[in-house]
Amino acid sequence: MKSLLSLLIFCGFLYSCKSAQSMETPSNKEEVAIAANDTVSIANNDLEYEILIIEPGFNLWLETRARPRGYYEQDFMETRNKQYVAAWNERAQQPLRYPSGLYDSLIYYDPTVDYGYEVNYKLYNYFIYFQLTYKQQLTSYIPRI
């Protein structure tokens, strides 16, 4: 009887130590698809420039929460983008003063170039998304949608 009880306790112990079932991890193709879905490309072949925004959730936010195209005029967004870019670049050049990892690179935005409506729309909305998501305020304007 003692050996049977010991055997049951031992089996119970082994059963409780069973490793957790492994969860399916996404394949490389799924990871690429997710990254591609979160990548927003802003390009103008005539001016030979391209901006890539790789930010998880931005594409979904742009499609669901951002103001629709045509809500803001291009002049308004250009003016705000100039201010946001200046503030962004100032923070990117001072990594010890601002949170690391948020302002990794400079943004080259020439105010004399007409980038068009689509570029200004996506860039403006990225700045709004960034400020709301990371609780940063780049300028005196309170970011809202």
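Visitor: In which segment does Gln-136 lie, and is Gln-136 buried or exposed?
Guide: This is a predicted model. In it, Gln-136 is found in the segment after H5. A residue is buried when its relative accessible area is under 20%. The figure for Gln-136 is 14%, so Gln-136 counts as buried.

Visitor: With which side chain does the side chain of Gln-136 make a polar contact?
Guide: Leaving out residues up to four places away in sequence, Gln-136 touches Arg-91, Pro-99, Leu-102, Tyr-103, Phe-130 and Gln-131. For one of these, the side chains make a polar contact at 2.9 Å. The partner is Tyr-103.

Visitor: How far apart in space are Gln-136 and Tyr-98?
Guide: In sequence, 38 residues separate Gln-136 and Tyr-98. The distance in space runs from C-alpha to C-alpha. It is 10.0 Å.

Visitor: Where does Asn-125 lie, and is Asn-125 buried or exposed?
Guide: Asn-125 is part of helix H5. Its relative accessible area is 3%, and the limit for buried is under 20%. Asn-125 is therefore buried.

Visitor: Which residue has its backbone oxygen 2.9 Å from a polar atom of the Asn-125 side chain?
Guide: Setting aside neighbours within four places in sequence, Asn-125 is in contact with Phe-58, Trp-61, Leu-62, Ala-66 and Arg-67. The backbone oxygen in question, 2.9 Å from a polar atom of the Asn-125 side chain, belongs to another residue. That residue is Tyr-121.

Visitor: How many salt bridges does a search of the whole structure find?
Guide: Side chains of opposite charge can pair when their charged atoms come close. The search finds 2.

Visitor: How many residues apart in sequence are the parts that the pair Glu-118 and Arg-69 ties together?
Guide: Glu-118 is in helix H5, residues 117-134. Arg-69 is in the loop between helix H3 (58-64) and helix H4 (74-92). The pair therefore ties together parts whose separation in sequence is 49 residues.

Visitor: Which element gives the most to the lining of the largest pocket?
Guide: This pocket has a volume of about 500 Å³. Two or more lining residues come from each of strand E2 (49-54) and H5. The top contribution is 6 residues, and it comes from E2.

Visitor: How many residues in the lining of the largest pocket are nonpolar?
Guide: The lining holds 22 residues, and Ile-51, Leu-52, Trp-88, Ser-105 and Ile-107 lie nearest the centre of the pocket. By class, 2 lining residues are polar and 3 are charged. The nonpolar residues number 17.

Conventions
Residues are numbered from 1 along each chain as its sequence is written. This is a predicted model: local features need pLDDT of at least 70, side-chain atom pairs count only at pLDDT 80 or more; totals for chains, interfaces and linings use all residues. Side-chain values use heavy atoms; hydrogens and water are left out. A salt bridge is a side-chain nitrogen of Lys or Arg within 4 Å of a carboxyl oxygen of Asp or Glu. Helices (H or I, at least four residues) and strands (E, at least two) are DSSP runs, numbered from the N terminus. On a 1 Å grid over the protein atoms alone, a cavity is a set of points where a 1.4 Å probe fits but cannot get out, and a pocket is an open set with protein on both sides within 12 Å along at least five of seven lines; lining residues have an atom within 4 Å of a point. Grid points are joined across faces, edges and corners, and a volume is the space filled by probe spheres set on the points. Ala, Val, Leu, Ile, Met, Phe, Trp, Tyr, Cys and Pro count as nonpolar, Asp, Glu, Lys and Arg as charged, and the others, Gly among them, as polar. Buried means under 20% relative accessible area, exposed over 50%, partly exposed in between (1.4 Å probe, protein chains only). A polar contact is a pair of N or O atoms within 3.5 Å; within protein, one must be able to donate a hydrogen and the other to accept it, and residues adjacent in sequence count only if both atoms are side-chain atoms. Contact means heavy atoms within 4.5 Å.
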